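Colleague: I am new to reading structures. Can we go through this one step by step?

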Amino acid sequence: MPTALDKALNSKNLFIGFTGLVSAAAMWSIWGGDLFPQEPDPKGDPEKWTEEEMKRWLNKRNLMAGNTATREELIARVKANMRAPRA
């Protein structure tokens with residue numbers, strides 16, 4: 001007599017669920033950035049950005065050393081790494 005575990009393992013629903021999970025992981029790796037757009041970079045003067053915007057800007061460029069930075073340190077780091085606008 002099959003147990004509840006045997007029935008679950010032989011279930012079509014389990015196979016369909018696993019297939020859906022694998023498909024979702026494949027879609028994420030192929031279309032990740034395009035299918036799930038990220039928030040755009042903040043614009044303007046970094047002094048007027050929120051701390052969250054500064055951290056997001058730095059993290060996007062792999063420039064964030066840690067989460068313990070003060071607001072002044074974040075502003076200094078952003079300004080030091082901003083590119084001059086091209087004319």
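What follows is a short talk about the core and the charged pairs.

Colleague: What kind of model is this, and how are residues numbered?

Modeller: This is a predicted model, where local features need pLDDT of at least 70, side-chain atom pairs count only at pLDDT 80 or more, and totals for chains, interfaces and linings use all residues. Side-chain values use heavy atoms, without hydrogens and water, and residues are numbered from 1 along each chain as its sequence is written.

Colleague: Which residues make up the largest nonpolar core?

Modeller: A nonpolar core is a set of buried Ala, Val, Leu, Ile, Met, Phe, Trp, Tyr and Cys residues joined through side-chain atoms within 4.5 Å. Buried means under 20% relative accessible area, exposed over 50%, and partly exposed in between (1.4 Å probe, protein chains only). The largest such core has 9 residues: W49, M54, W57, L58, M64, A69, L74, I75 and V78.

Colleague: Which helices each supply at least two residues of this core?

Modeller: Helices are DSSP runs (H or I, at least four residues), numbered from the N terminus. Two or more core residues come from each of helix 3 (51-60) and helix 4 (71-81).

Colleague: Which residues does L58 touch, leaving out those up to four places away in sequence?

Modeller: L58 is one of the core residues. Contact means heavy atoms within 4.5 Å. By that rule L58 touches L63, M64, L74, R77 and V78.

Colleague: How many salt bridges does a search of the whole structure find?

Modeller: Side chains of opposite charge can pair when their charged atoms come close. A salt bridge needs a side-chain nitrogen of Lys or Arg within 4 Å of a carboxyl oxygen of Asp or Glu. The search finds 3.

Colleague: How far apart in sequence are the parts that E47 and K79 tie together?

Modeller: E47 and K79 form a salt bridge, N to O 2.6 Å. E47 lies in the loop between helix 2 and helix 3 and K79 in helix 4, so the pair ties together parts separated in sequence by 32 residues.

Colleague: Is K79 buried, partly exposed or exposed?

Modeller: The relative accessibility of K79 is 41%. That makes K79 partly exposed.

Colleague: Which residues do salt bridges that share partners join into one network?

Modeller: K60 meets D41 in a salt bridge at 3.6 Å, N to O. R61 also pairs with D41, with the closest N and O atoms 2.5 Å apart. The network joins D41, K60 and R61.
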